[in-house]
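Have the structure open and pick out the residues as they come up.

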Amino acid sequence: MSSESRTQPVPDRVTDQEADMVPIGRHSEASASTDGNTDDSTGDSVDDGTGRTAPTRRSTATTAGGGLLLVGVALAAANMRPAVTSLASLLGGVQESLGASTTWASVITSVPTLCFGVAGISAPLLARRWGNNRVVGLSLAVLTVAMLLRVAAGPWTVLGGTVLVCAAIAMCNVLIPVVVKESFPGRVGLATGVYTTAMAAGGSAGSAFTPWLRSELGSWQFALATWSVLALAAFLVWAPATRRRGPAGRASVSSDTPRRSLKHSPLAWAVTGYFAMQSLVAYVVMGWLPEVFKAAGMAAGQAGALLGLLLLIGVPVSMVLPPLVTKTRSQSWWALGLALIAIAGFLGLLLAPMAAPVMWALLIGTGMSAFPLALTFISLRTSNAADTGQLSAMAQSIGYLIASSGPFLFGMLHTLTSGWTASLTVILGILALQGTVGIFAGRPRTVGEQAARE
């Protein structure tokens, strides 16, 4: 029997009606550490003169601070993909303009996931020192500057700037789910839906509009730099939103809940494996799908627009999926179903790419909604913010490190075989494994429950 604390906080899977009926005192158990200030996330309870407790006006659902923070979360999430998809949509032209090699192109498509893994390891350490909110705010500021710097010179500047861009994104990737868990404990599904919807919309916009921006502005450099405006907007909202919520939010790292190691937890490894495989597939798609379609005879502009469509389908799916899955006891069938849908799309792309390219893109895009499911797993498979922070860091750092091999190997297999068949076949195998692991990750239990039984 573990010596860990066995206090049970409010369950994360709470329906909207149930959340409204949960006493304020119980909410505070789940979010007592938000930004170092309980009031900001859950509100206080006061005696109304009848012996009953009544909530004050400082609940998450009703405070202006809570609403502004949700806007900040959405804007921050909207920046998590455009820096990657905008470059992917112009990759061939950028490579030709810079006189860069195919190896350079393979490396730069692998940089996002590699940086997400390496930088993600340091996110919890920085959050323990400065707090979640400050680290996310600083990351948004770095992202704004880095997107301008990476287009200032030659291929190595683009590569170095992309590393810095992706390191900033990695910090947000790890810490924003923790902010969601802490700040919206009774609305995890809703807040995750907002987060993932904004992320999908940003990724789609980055792919769809960047070729148009290049045409209108006259260069790929100006087209890529334009997305720094979105990062600046996120920073300008995040700073006041988190300032209104008190101290810098060291909740996930300094709460009274003991921090336990998850390295011996099969459930934590299942969530990590699921996160790794869906990330690998997603970044292969964002980095290489336009090139696959162009090799099949599609024009560059159409291929970029198709990637935008593929990512756009994730917007409505991301909006409805997290609230739906949080209302089901098990998420195993959701994980398996999404994998099968993606497999159908990749089979079409492999066997008859130009027969129904829009259909293949829609199927792949729907299957890529495994990402919001993976983020939801991080919240549903934990029972407190401390465990959420640990599982988020583990799943994203290890997951992205594993996923970083995907875009590189996908491109190198193409170089070695002079075709896309081998690369696409490997992706089909990874999707099959993703669905299998997702069955285990989706079972209704938490890492805390596992630790208590050991």
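Let's begin with a group of rings: F275, Y283, F371 and Y400 are linked into a cluster by ring pairs. Please keep in mind that this is a predicted model. Six aromatic pairs are counted in the structure. In one of them, the ring centres of Y274 and F377 are 5.3 Å apart and the planes meet at 65 degrees, so this pair is edge-to-face. Y274 sits in helix α14 and F377 in helix α19 (residues 370-380), so to speak two distant parts of the chain, 103 residues apart, linked by the pair. Y274 is buried, at a relative accessible area of 0%, and F377 is buried with a value of 0% as well.

Y283 and Y400 make another pair, with ring centres 6.3 Å apart and planes at 75 degrees; since the cut-off for edge-to-face is over 60 degrees, the pair is edge-to-face.

| Residue | Relative accessible area | Class |
|---|---|---|
| Y274 | 0% | buried |
| F377 | 0% | buried |
| Y283 | 6% | buried |
| Y400 | 2% | buried |

**Around S279 in helix α14**

Helix α14 covers residues 266-295, and S279 is found in it. Is S279 buried or exposed? Its relative accessibility is 2%, and because buried means under 20%, S279 counts as buried. The S279 side chain makes a polar contact with the side chain of Q278, at 2.9 Å. Once neighbours within four places in sequence are set aside, S279 is in contact with Y400 and A403. Y400 is also a member of the ring cluster described above.

How many salt bridges does the structure hold? There is one, and it joins the side chains of K294 and E291, with 2.8 Å from N to O. Both K294 and E291 lie in helix α14, three residues apart, which is about one turn of the helix. K294 is partly exposed, with a relative accessible area of 29%.

**T382 between two helices**

T382 has its place in the loop between α19 and α20. With a relative accessible area of 1%, T382 is buried. Which groups does the T382 side chain contact? At 3.2 Å the side chain reaches the backbone oxygen of S379, and at 2.8 Å it makes a polar contact with the side chain of T388. T382 and R445 are 63 residues apart along the chain, and their C-alpha atoms are separated by 8.2 Å.

**S418 in a loop**

Most residues other than glycine have a negative phi. S418 is not a glycine, yet its phi is positive, at about 60 degrees. Where is S418 found? The residue is in the loop between α21 (405-417) and α22 (421-441).

**A nonpolar patch on the surface**

On the surface, L114, V118, I121 and L401 form a nonpolar patch, and together they have about 330 Å² of accessible area. Which helix gives the most to the nonpolar patch? That is helix α7 (residues 102-130), with three residues. V118 is found in helix α7.

**The chain as a whole**

Stepping back, the chain has 23 helices and two strands. Of its 454 residues, 57% are buried. Among contacts between residues at least 6 apart in sequence, 80% join residues at least 24 apart. The accessible surface of the chain comes to about 17300 Å², and 65% of that belongs to carbon and sulfur atoms.

Key
Residues numbered from 1 in each chain as written. Predicted model: local features only at pLDDT ≥ 70, side-chain atom pairs only at ≥ 80, totals over all residues. Heavy atoms only, no water. Patch = residues over 30% accessible without salt bridge, like charges linked within 9 Å, V, L, I, M, F, W, Y side chains within 5 Å. Areas by Shrake-Rupley, 256 points an atom, 1.4 Å probe, with all protein chains shown as cover. Salt bridge = Lys/Arg side-chain N within 4 Å of Asp/Glu carboxyl O. Helix = DSSP H or I, 4+ residues; strand = E, 2+ residues; numbered from the N terminus. Buried < 20%, exposed > 50% of the residue type's maximum accessible area, 1.4 Å probe, protein only. Polar contact = N/O pair within 3.5 Å; in protein donor to acceptor, adjacent residues only side chain to side chain. Contact = heavy atoms within 4.5 Å. Phe/Tyr/Trp six-rings, centres within 6.5 Å; stacked < 30°, edge-to-face > 60°.
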